[in-house]
Amino acid sequence: MKLSVPMPLRLVLLVLGTTAFYMYLGQIVPQKEAHPPPPVLISAEMTTEDLVAVGAELASGKGQCLVGCHTVGQSGPLRYPDLDGIGARAATQIEGLSGLEYLAQSLYEPAAFIVPGFADGMQAIDQPPISLSEDEMKAVIAWLQSLGGTPTVTLDTDLGY
Amino acid sequence: MNRNRILFGIGVLAFVSVIVTVRLGGFLVDNEYRQPDRQVAAQEEQGEAELTPRQQGIADEQAADEAEAQARPYEEAEYRTVPFVGSRVTVWVLAQLHLLFAAFVLAVPLFAFIIEFVGYVKKEERYNKLAYEFTKLLSVSFSMTATFGAFLTFGLIILYPKFTNYLMHIFSPTFLPYVLLFFLEALFLYSYYYGWGKFGPKMHLFLGFMLNIVGTAIMFIANAWLTFMMSPGRRDDVDGDGVPDFVSAVSESGALLSLRDAFFNFTWMPINIHRIIANVAFGGSIAAAYAAFRYLQAKTDEEKAHFDWMGYVGNFVAIIAFLPLPFAGYYLAAEIYAFSQTLGIQMMGGTFSWLFVIQAALIGNLFLGANYYLWLGMGRMEGGVHFQKFIKWLLIAIALCFAVWATPRYAISSVSEIAAMGGSSHPQLSYLGQMSAKNTAVNILILSTYMSFLLYRRTGRQSVHPHRDLLTRAQAIVFSSAAALVIFYGVYGYYVDAAIRIRFAIPQVYSVLAALVVITVIDLPLYRNAAQSGETKWGRMPAVSQYALIFIALSFTWLMGLMGYVRSGLRQEWHVYGVILDTSPDAYTPTLGFATQVVSVTVLIFFGLLGVVFWLSSLGGKKDWEPKPVADGRDQLEGGQAA
């Protein structure tokens, strides 16, 4: 006996089946809730070592440095320069600029110097939507200095911006 | 006992049950324990009437509530919530439903006008009838759009009062023009629909033209509101150093600096272009789904032929608009990147990157569905067998491109699988997950679909052009060159830096666009007045082809829902990106699984309502109700009442 499914029922099954299929695809991809970065507290008595730790937290959180832009310790086709060893090579990137000045310029005026082989695109991270405060910028610079170099930044350091 | 009597009995029983329950409740309340009347009267005379403990408790509670209400200062609510569903999901579903109906209402007049115009130029009445058939869907859809627009407005005012107030502060000068244009749209829409056959053709075409102009203007205004939330300003080289600077339309505190910059903001025009094309593709697919619905209901060959043709035209409109849509999408994405790398990276490399795997499945299914329908359509024409041998090659090309596009850069893997692969990406297949491969795949998909259309167009026809061999070879060379160029840049992209690779998408896109234009320009004279080797038999399509049309409409609706979520979700915890933070409990990006559940609910509601629109629109073709004749010759009203 041939089973005949009425047309309206077929339409309903088609709509439900297609929707269920696409919804299923949505369930099998990696699931991640993205929450706003938690506030980072910087107190006046923080040492350079403390700032490095805070800077690392900011880099993968509020500062968004490691969220799809930069990497640390990767090679191959990259979107933006890998940061491994930046603490050591910062002083040699632009003649006349110290490592600290170069890092500060990279964060406050990222378009001022583009590493050869990469495209312009980074936004100043003291501006919205990232809006790092001056102390937070110092923490990020301390963390960058720690990648292959010796961090020197304190909360009293004048970044020149 | 007949069905009507049973239903009537159930109704009466339900009514009586409600009355009995209410009365019983009243009886119980009225008969709670009270002190004997004589004792109360005696106490009242002596001025010492006492309340029962229960009455005292109620009175105390009322007094406390009143005191609390009096002491509470007025505070403007920042957010309000909807129980269980939440305010974000409520506004999300309402906005998406409004947008889906609005897209349809904007798109249908566009191609109805074009079809009517073609009919006017060709002097063929069948085009006029087809355009009218499309327009029949507009009346109810317009009401649905307005209804959901009102729901959305109230939803925003109630659930996000402070933020809605802020948007009003920025855009209040645009509201009056919007309302006036909406009024004009209603005027032109109804005069276009009800005036069919009542006005001269030129006057009627003018009404259709004005309907499109006004509808597009409305969309442009609404687009300014939503794009401002994503890009509240423009980019311009203010200091003349050759690098575009961000010129904000608002101050850091959110105060308006320039309405012009807020309105004509950075992503406004890319969204306008993307939406116009997407609306036409979506509208065509929904109109084709309506035709499919009517085809499956059709009783006569004439009806089947009419709705088969309508379905074909709807699908044709959808596919023609769909072919440039990836380019418009690319332009929009590039502009988002140009406005803010952070937004762009969030979209393609961050939170939303996996969503594009689902998008790949949707677009792949759309291409497969559209090609399948075209291939089945060759069966309408005698002489279609000649081209069917090419179908398997096209199918292989489309399936391969689909597979490449759906290949993720990083695979979902267990710990042992990651160890075996030497990382979270597959050593070979991950190359297919990169943009070079994906851009190549989508361009070849477009070329393959266009080839399917060309084969369909040639089925049952023989060119009589004196240079037909030369022109056909020229088309083949253009087609092959475009495909070769696309593949060349796809492969070469793996050997250059990212900054150069990202620019390869542009020659790929231009070569495909150029090929489509050149081949079409050659094809028009080549098949003008072509000899027909057989007759096109409309209405001969198998039922499965009609389900394919409905599947395409479903996939388009899903695509709209999913991409709407990306565009809006990109802002993450910002109401207005970089200016106004969302501080509500919903200020986070949900999982993709949750997002697809919300899109599923929206799609199901939309198709449920679409069923109502289709049913109401099909009523016009049904016979008028007539009283049933009875044996003695008198008419009888339904329900047995004699007239």
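Analyst: In this predicted model, the second largest cavity is lined by Tyr312(B), Asn315(B), Phe316(B), Ile319(B), Ile320(B), Leu323(B), Leu374(B), Tyr450(B) and Phe453(B). Two elements of chain B, helix 11 (301-322) and helix 18 (435-458), each give two or more residues to that lining, helices being DSSP runs of H or I of at least four residues, numbered from the N terminus. Helix 11 of chain B contributes the most, with five residues. By class, eight of the lining residues are nonpolar, one is polar and none is charged; Ala, Val, Leu, Ile, Met, Phe, Trp, Tyr, Cys and Pro count as nonpolar, Asp, Glu, Lys and Arg as charged, and the others, Gly among them, as polar. The volume of this cavity is about 70 Å³.

On a 1 Å grid over the protein atoms alone, a cavity is a set of points where a 1.4 Å probe fits but cannot get out, a pocket is an open set with protein on both sides within 12 Å along at least five of seven lines, and lining residues have an atom within 4 Å of a point. Points are joined across faces, edges and corners, and a volume is the space filled by probe spheres set on them. Residues are numbered from 1 along each chain as its sequence is written, and chains are lettered from A in the order in which they are written. Local features need pLDDT of at least 70 and side-chain atom pairs count only at pLDDT 80 or more, whereas totals for chains, interfaces and linings use all residues, and side-chain values use heavy atoms, without hydrogens and water.

The second largest pocket draws on some of these residues too: Tyr312(B), Phe316(B) and Phe453(B) line the cavity and are also among the residues closest to the centre of the pocket, together with Tyr127(B) and Arg457(B). This pocket holds about 1,500 Å³ of space and has 38 lining residues. Two or more residues come from each of helix 4 (87-122), helix 5 (125-135), helix 11, helix 18 and helix 21 (505-526) of chain B. Helix 11 of chain B again supplies the largest share, seven residues. Here the lining comprises 28 nonpolar, four polar and six charged residues.

Across the whole structure, the search finds three cavities of 30 Å³ or more.

Glu136(A) and Lys62(A) form one, at 3.0 Å from N to O. Because Glu136(A) belongs to helix 5 (residues 134-146) of chain A and Lys62(A) to the loop between helix 2 (48-60) and helix 3 (86-89) of chain A, the pair ties together parts 74 residues apart in sequence.

Note on methods:
Salt bridge = Lys/Arg side-chain N within 4 Å of Asp/Glu carboxyl O.
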